[in-house]
Amino acid sequence: MLKAIFYFLIFPGFLFTAVAGLLASWIDRKVTARVQWRVGPPWWQNFADFIKLLGKETIVPQGSSRATFLLAPIFGLAAVTIISTLLWLTMINPASTFIGDLIVVLYLLTIPAIAVIIGGFASRNPLASLGASREMKLILSYELPFILVCLVPVIQAGGTIRLGEILNYQINNGMVLGSLSGPLAFIVAILCMQAKLTLVPFDIPEAEQEIMAGPYIEYSGPTLAVFKLTRQMMLFVVPMFLVVLFLGGIIFSGWHILWGILKYVILLVIIVLIRNTNPRVRIDQAVKFFWGPMTLLAIIAVLLALLGV
Amino acid sequence: MNLKLKSLTKSIWVFHFASASCNNCDIEILDALTPKFDLERFGILLVGSIRHADVLLVTGMITHKGAVRLKRLYEQAPKPCFVVAVGSCACSKCIFKDSYNAAGPVDRIVPVNAYIPGCPPKPEAMIMAVVKLVKSLTGK
Amino acid sequence: MKIMEKLEEKFGKKIIKCDKKSERRIYLDINPADLTDFAQYIFRDMAARFIIASGVDTPGGIEILYHFSFDSSGLILSLRILLDRDSPEVESLTSVFKAAEWIECEINELLGVNFRNHPNLRHLLLPSDWPKGNYPLRRKS
């Protein structure tokens, strides 16, 4: 029991993921600044932002539903902590998790976005409602190809829905990326991940120039700190999930740890480069993009995996 | 010096409000955020919502209609929040001294913590104002 | 040139004075009662573009100019009317083109000119609790 609390709160749960997420988000800001020929913030900038936000006062808008408004950020934080705990425990000891944990992780990955929607609608602000409804449309659009491509490693590993067995299959037979259906599914997964993290070109809900911070518009102080921390932890957790599914996870023995961290860093760099070289798309363009070409590619990848390639 | 104040001086989030401004000061504020001066390395970010802001930057000669909204904005900002008046029109009414629609310089409407005179002030002057504001907060 | 000839042919005596400041800048003085006819002809039949209206308080009365642009030739034509300062009134041009709505609101609140049949006269620049009868752009006597 004590061990579970340790896993959940310290390593690999809340503390570890929070620190890693804050540092990953700093890498994002620094690389963006360098691409724009600027200097960029120091490495402790996100920590300072978090502590500063904890010290400001919380304002609850009049007429909003108070409990929903204040509790919405905590759902997202709890969900992302559980996902991180599950993923790292699976990587450390592939036999220690339960059957069906892939489905649990896929469900939990949608909860931070739902927490944003609940918070946006509870704010009693027309701009927040607009941002939350855009987030809903975005979720509906990218979940379809995302779940389809998550089937590809499942099919290749022989129909198992346990993350530990997918990892074992990749240790024995090489990464899922090494087959024909693997890269196709990986490309679709990267684009769906960009939308899940609400980064440009899909940061439509929080379009700063259009709707002034979208669903986060009424949040201030500690509640905003929790929302931002959830976003930064997602920047650490979602690429790690893709590393487990497609790139073979991190094997904890000797040099393989460095190779595992390198896999995560490469994914992070891809995300940041896509983020810096693209404009934002409209919500109807995003929906057409995910339900059109992306779903088609995902179906082709699944068919190729079923054929055994 | 306590942690709350120290973290506030290291990460300042700015909200920009312009009322009846000729937009020169607004362009210079934008200049200060561009790669040549790069205020983000001090932790200064431009935010979209007043509820996320630590500093309210006010430019322009404030009209009567704008004064009502400026007061409302100041009340909506979560404390601690500091107000900086940018440009000569915001510090004193400058050439609009006798205008029928000027509702007074900014410190008649909300309490001001720093004044940046100039028409328009250079980005270096704005950076100096930020440094002076931070020093005054930490008590030096 | 052709535009002035067309106007003189259609309106003749109604043009009180024609002031040709340069090749591309013409001022026509007219009677306030003929304003709507002139505006309809210039905007609809001659396909000009309405730029803006401007109002000044001169010693002779309140003067309003309506500026029209003929984009193909680069000519800017201004219609000038002179109104009595004690009770300035003129017909609104919103029935001819919708662009007159806001500029007439502004001239009304700053100079005190009443526009008959205007759909929505309200304060755009001044706050709603501005004292009535205090028109800021009138000369202080």
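What share of the contacts in chain B between residues at least 6 apart in sequence join residues at least 24 apart? The figure is 80%. The legends below describe views of a predicted model.

**Figure 1. Chain B as a whole.** The secondary structure of chain B consists of five helices and five strands. Read from the N terminus, these elements follow the order α-β-α-β-β-α-β-α-β-α. Chain B has a radius of gyration of 14 Å, close to the 14 Å that the globule rule gives for 140 residues, so chain B is as compact as a globular protein of that length. Along the principal axes, the C-alpha atoms of chain B fill a box of roughly 45 × 30 × 30 Å. Buried residues make up 40% of the 140 residues of this chain.

**Figure 2. The contact between chains A and B.** Two pairs of chains are in contact, and chains A and B are the pair that shares the most contacts. On one side stand 25 residues of chain A, and on the other 17 residues of chain B. Helix H3 of chain A, residues 45–54, supplies five residues to the chain A side, the largest share of it. By type, the chain A residues that touch chain B divide into twelve nonpolar, six polar and seven charged. Chain C, by comparison, does not touch chain A. The nearest C-alpha atoms of chains A and C are 24 Å apart.

**Figure 3. Two crossing helices in chain A.** Two packed helices are described by the angle between their axes and the distance between the axes. Helix H2 of chain A spans residues 14–35, and helix H10 of chain A spans residues 222–246. The axes of H2(A) and H10(A) come within 7 Å and cross at roughly 85°. H2(A) and H10(A) are therefore roughly perpendicular to each other. From H2(A), the residues that make the contact include A:Thr17, A:Ala20, A:Gly21, A:Ala24 and A:Asp28. From H10(A), they include A:Leu229, A:Gln232, A:Met233 and A:Phe236. The residues of this helix contact divide into nine nonpolar, four polar and one charged.

**Figure 4. The sheet of chain C.** Five strands of chain C form an open sheet in the order E1-E2-E5-E4-E3, with mixed pairing. Strand E1 (17–22) and strand E3 (49–58) of chain C each have a single partner strand and stand at the edges, so one side of each is left without a neighbour in the sheet. Neighbouring strands are turned by 20° against each other on average, direction ignored. Helix H2 of chain C, residues 35–45, lies across E3, E4 and E5 of chain C. This helix runs at about 170° to E5(C), the strand of residues 75–83.

**Figure 5. The pairing of E3 and E4 in chain C.** Which sense of pairing do E3(C) and E4(C) adopt, and over how many bridges? The two strands pair in the antiparallel sense over nine bridges. Strand E4 of chain C comprises residues 61–70. C:Gly61 in E4(C) stands opposite C:Thr58.

Figure 6. C:Ser73 lies in the loop between E4 and E5 of chain C.

Technical notes
Residues are numbered from 1 along each chain as its sequence is written. Chains are lettered from A and ligands numbered from 1 in the order in which they are written. This is a predicted model: local features need pLDDT of at least 70, side-chain atom pairs count only at pLDDT 80 or more; totals for chains, interfaces and linings use all residues. Two residues are in contact if their C-beta atoms, placed from the backbone, lie within 7 Å. Helices (H or I, at least four residues) and strands (E, at least two) are DSSP runs, numbered from the N terminus. Ala, Val, Leu, Ile, Met, Phe, Trp, Tyr, Cys and Pro count as nonpolar, Asp, Glu, Lys and Arg as charged, and the others, Gly among them, as polar. Axes are lines fitted to C-alpha atoms, for helices over the stretch in contact, and angles run from 0 to 180 degrees between N-to-C directions. Angles under 35 degrees count as roughly parallel, over 145 as roughly antiparallel, 65 to 115 as roughly perpendicular and the rest as oblique. Two strands pair if DSSP finds at least two bridges between them. The radius of gyration is taken over C-alpha atoms; the globule rule is 2.2 Å times the number of residues to the power 0.38. A residue is buried if 20 or more other C-beta atoms lie within 10 Å of its own, exposed if 12 or fewer, and partly exposed in between; C-beta atoms are placed from the backbone.
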